[in-house]
Amino acid sequence: MELVKSITTPVVLDYDYVTGRAQSRFLRGIAEGRILGQRCVECRRVYVPSRGACGRCGVRTEEEIQVADKGTVTTFCIVRVPSENLSFNPPYVCAAVLLDGADIPFNHVLQECALEDVRMGMRVQAVWVERELLGPTMSSIRYFKPIAEPDAAFDTFKEHL
Amino acid sequence: MAERSAVIGIGQTKYDAKRIDVSMPGLLREAALRALEDADLGFADIDAVVIGKAPDMFEGVMMPELFLAEALGGAGKPMIRVHTAGSVGGSTGIVASSLVESGVFERVLCVAFEKQSESNAMWALTVSTPFSVAVVAGAGGYFAPLIRAYIRRSGAPEDTGIRVALKDRQNALKNPYAHVKIPDITFDQVMNSPMLWDPIRYLETCPSSDGACAMIFASERAAAKAPGKPAWVHATAMRSEPTMFAGRDQVNPLAARMNAKDLYAKARITNPRAEIDCAEIYVPFSWFEPMWLESMGFAEEGSGWKMTYEGATALDGDLPVNMSGGVLSSNPIGASGLIRFAEAAMQVRGQAGGHQVDGVHKALGHAYGGGSQYFSTYIVADHKP
Amino acid sequence: MTQTDAEHEAPLTAPHHLEYAYKRSVGPVLGRFFAGLRERQICGIRTRAGRVLVPPSEYDPDTGDATTEEFVDVGPGGTVTSWTWVGKPRAKQPLRQPFAYALIKLDGADTAMLHAVDALSEARMRTGMRVRPRWRAETKGEIADIACFEPEV
Amino acid sequence: MRDVAIVSFAQSAKAREIRNEIEILMPVVQEAVRNSKLPRQEIGFTCSGSSDYLQGQSFAFVGALDAVGAWPPIKESHVEMDGAWALYEAWIKIQTGDVDSALVYSFGKSSPGDLPEILALQLDPYTMTPLWPDADSLAALQARAFLEATGKSERDLAQVVARSRRDAVGNPHAVVSGAVDVEKLLAEPHYRSPLRAHDLPPITDGASAMVVVAGERARKLCERPVWIRGFDHRIEPLGLGLRDLARSASTEIAGQKAGVHKGKVDFAELHAPYAHQELILRAALGLGENVTINPSGGALASHPLMVAGLIRIGEAATRIMARRGDRAVAHATQGPCLQQNLVCVLEGD
């Protein structure tokens with residue numbers, strides 16, 4: 001009798017994903033073309049996207065402020081290998097963008113820029129989807145693109161890598 | 001610690017991309033039975049079982065330890081499942097050791113594993129959630145920007161990562177359990193391998209492996225009866241910090257530095273570079289060797305790369321690092337940390353065969369996980385603390 | 001708008017779908033069991049203590065010791081040792097119509113295994129009842145080769 | 001052994017939370033820390049329990065670190081288990097002498113997915129999960145085995161439910177409570193025979209947190225610290241055909257090792273998600289008719305998975321702190337049909 005070597009067992013599960021209050025506020029802002037952050041009451045740092053908590057202070061964040069949709073690339077990686085679940089096809093630039101007015105960078109894709117031209121300190125701005133296509137999802141920001149501003153000095157963002 | 005704890009048994013499976021020859025319980029048993037044989041014990045001699053692995057979604061079983069405990073003789077015994085992200089292997093060893101140090105148990109078996117071939121690690125790590133865009137390409141995509149930041153900060157030569165990869169891949173050739181073995185590997189081969197997540201090249205990256213590692217920790221009384229030379233636990237340390245907060249230094253995280261400080265204080269080590277004979281450090285991407293050498297206090301901040309460059313971390317250097325070939329050569333994620341602990345203990349016990357370093361009295365095992373935020377380390381020596 | 005106002009807003013929710021077809025290597029013992037099912041044959045394995053485990057296992061679950069290499073053909077008939085009735089089956093469950101989950105000790109086995117029993121009505125179910133496997137038309141070498149059990153008439 | 005006491009406990013439980021896990025957890029952790037009177041920076045160790053599969057995301061526990069304020073970085077660990085085992089790891093850590101106090105927490109939302117179906121992933125992945133038995137069906141197999149082996153009846157189960165719901169009236173965290181008539185319960189149809197819907201645990205989202213402190217420090221912080229006098233846990237084989245389902249062998253061992261019988265037990269908080277399991281546990285721990293069982297209403301009144309076990313210990317401690325008993329047994333379980341069981345013996349001064 002020839003032994004069975006392996007079996008296939010599909011696992012299919014469906015959940016109701018709940019964003020939570022802070023994320024919902026953030027996403028509803030995105031749907032209006034605004035990027036909202038939250039300022040920690042203790043350390044005064046601004047979180048974007050807001051997560052409802054300051055991990056440093058362990059307190060709930062409440063004060064909401066709007067930040068710019070442009071900022072600085074603090075660091076980046078050029079993704080050259082395809083993998084499952086990704087929203088973009090390689091090669092592409094995944095950049096940590098520190099928005100003006102925020103104290104923490106978040107990751108998004110950088111386009112309209114040759115791969116070899118991407119630099120730490122580069123100034124970039126969000127490219128949004130058409131106004132009528134805006135929705136409460138991060139994909140309302142299609143990508144970031146370089147803008148004609150001089151690069152930020154390393155010292156200005158070295159705390160935010 | 002209330003009681004001394006010693007490593008008296010170690011077992012590893014052969015690591016490979018797909019261990020399709022074994023079931024999940026079979027994989028764990030391969031490691032556990034070797035550890036028992038090493039300690040000349042049977043399952044009946046074990047008082048408690050600790051199981052560690054990374055996310056359950058890798059194997060698609062919720063809390064798989066519930067069905068695996070009995071494969072390790074766990075029925076009727078205490079069983080604990082540890083999960084601290086990528087550092088889990090180290091944490092599993094520390095929890096097992098603490099069960100002995102507490103004075104509650106005499107002999108504790110711990111097994112850490114991952115059977116990544118049951119699914120796909122990239123899938124499990126980047127399961128997309130609603131409202132988000134998936135831009136970070138798995139672990140490589142997450143850590144590449146941090147490596148870029150390290151290079152910028154330290155001014156390290158661009159080929160540092162290649163040198164680490166070459167050394168670890170050469171060491172792996174001497175380790176019978178290693179997964180990735182590239183005979184006659186050269187500097188050019190590593191340099192010319194494809195860029196995956198710029199600046200990380202293919203040969204500077206860890207593989208996805210199937211495998212399990214087992215260790216038996218014992219009290220002083222039980223260690224005295226063990227047939228082999230025990231490796232005495234001199235110190236253990238665990239430290240965590242949040243993933244995301246404003247102003248977090250992810251390149252040289254404070255949690256890593258505090259962990260090292262705590263570890264050395266407990267082990268009464270004042271000059272780690274001089275007092276520790278060799279180290280197994282969790283390096284999933286080659287650049288993390290210099291990064292962790294700095295946070296572990298073996299080198300000044302910004303100069304860890306010099307140790308790599310000068311050959312200090314080579315098998316014949318003054319602080320050999322990843323003698324086994326490291327995570328770059330074998331990476332069953334949940335087990336990778338425990339393998340570091342096991343390999344450190346093997347060096348102390350003189351069990352490391354082809355990759356044994358001469359005259360090891362004291363060795364370090366290190367693991368990290370999450371977004372460089374979970375750290376588990378320990379120090380073992382050939383003499384009692 | 002402040003956070004306090006925001007508290008009155010319902011948070012955004014969305015379906016989150018998780019799907020993966022895991023490929024599981026089964027090892028030599030379950031490999032033999034599943035190969036048997038493919039041939040419409042159920043086997044157990046003998047432990048060193050003499051018990052016959054069904055499904056077979058590489059180890060004795062009570063001790064962790066390796067089992068012997070003696071596979072033992074069991075069944076096909078067996079006895080229900082406990083059961084419950086599923087009035088509205090979920091989509092993934094073995095039968096579309098109401099059925100019983102049951103623990104079934106196959107003839108020659110010392111342990112009961114879990115499976116479904118197609119009994120048509122709950123009134124036919126009782127502990128101690130005799131059942132036999134109903135095989136699916138095309139067996140593949142997996143547990144679902146037994147479509148379900150049905151009452152022995 | 002070092003004497004270790006519970007000095008504070010907090011919890012949250014709701015049938016369906018609109019908050020996410022961090023938002024549920026943060027105030028609970030803050031309340032436990034505040035009530036411990038221990039400055040957060042002085043807490044020696046932190047340990048948590050949770051399961052990724054409740055959220056359907058890998059590393060679901062990592063975000064929880066935001067809620068505890070892990071800065072400066074903390075000595076911390078996590079078990080993929082009910083929070084009761086996180087308490088066990090913390091207790092062990094204190095026994096090693098490495099730390100003198102610990103924060104323990106757990107969290108879990110059962111409502112986002114089909115929990116009884118998700119729990120089919122907890123079984124043998126080769127021969128059981130592909131049949132997708134829901135957790136309620138498995139519990140019913142155990143219930144029938146128990147009733148037929150012991151001669152107990154469905155009326156006995158209904159009495160457990162009626163008492164639990166009545167006692168839950170005084171528990172602000174209960175999601176099911178109220179006076180119910182046994183006859184009315186018995187008039188309900190079976191859901192998974194011999195179990196009726198009310199014999200099942202309610203789907204609950206929640207979190208809990210606890211602070212434990214060693215030695216005299218506990219007496220300084222807390223008017224009536226609750227001492228952990230015995231602590232043990234044991235697991236059995238998973239397969240239902242491999243166990244005597246009518247009893248709980250692992251609870252028997254854990255109860256013995258924890259020293260349940262070394263003194264009079266005033267009351268017990270037993271983690272029995274299904275009505276019949278209370279009777280099995282009661283027998284396994286040898287708790288007689290004079291022992292009050294689940295004065296909080298127990299898991300039939302509120303059952304946040306991964307949290308409910310730690311809540312049993314917290315409820316027992318809270319009651320002793322309030323001088324409504326001096327010695328209690330708290331129990332936690334996980335795995336199908338009481339596979340793994342933990343027993344904690346608690347005493348007030």
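**Interfaces of chain B with chains D and C**

Two salt bridges are found across the interface of chain B and chain D (a side-chain nitrogen of Lys or Arg within 4 Å of a carboxyl oxygen of Asp or Glu). In one of them, D262(B) pairs with K75(D), with the closest N and O atoms 3.9 Å apart. The model is predicted: local features need pLDDT of at least 70, side-chain atom pairs count only at pLDDT 80 or more, and totals for chains, interfaces and linings use all residues. Residues are numbered from 1 along each chain as its sequence is written, chains are lettered from A and ligands numbered from 1 in the order in which they are written, and side-chain values use heavy atoms, with hydrogens and water left out.

The predictor assigns the complex an ipTM of 0.96 and a pTM of 0.97. Chain C has a mean pLDDT (the predictor's confidence in each residue, from 0 to 100) of 94, and 95% of its residues reach 70 or more. Residues 1–7 of chain C fall below 50; beyond near neighbours in sequence, this stretch has 13 contacts in the model (heavy atoms within 4.5 Å).

Chain B and chain D bury about 4700 Å² between them, 65% of it on carbon and sulfur atoms. Buried area is the accessible area (1.4 Å probe) that two parts lose on being put together, summed over both. M57(B), M62(B) and L66(B) supply 16% of the area that chain B buries here, more than any other three residues. The contact joins 56 residues of chain B to 56 residues of chain D.

The interface of chain C and chain B buries about 1900 Å², 56% of it on carbon and sulfur atoms. On the chain C side, Y22(C), S25(C) and Y59(C) lose the most area, together 30% of what that side buries. Chain C gives 24 residues to the contact and chain B gives 31. One salt bridge is found across this interface. R24(C) forms a salt bridge with E118(B), the closest N and O atoms lying 2.7 Å apart. Strand 1 of chain C supplies the largest share of the side that touches chain B, eleven residues. Strands are DSSP runs of E, at least two residues, and helices are runs of H or I, at least four, numbered from the N terminus.

Within chain D, nine of the ten residues of helix 11 (residues 275–284) are buried, so this helix is largely enclosed by the rest of the structure. Buried means under 20% relative accessible area (1.4 Å probe, protein chains only). Among the buried residues are H276(D), E278(D) and R282(D). G286(D) follows helix 11, with a positive phi near 65 degrees.

Note on methods:
Buried means under 20% relative accessible area, exposed over 50%, partly exposed in between (1.4 Å probe, protein chains only).
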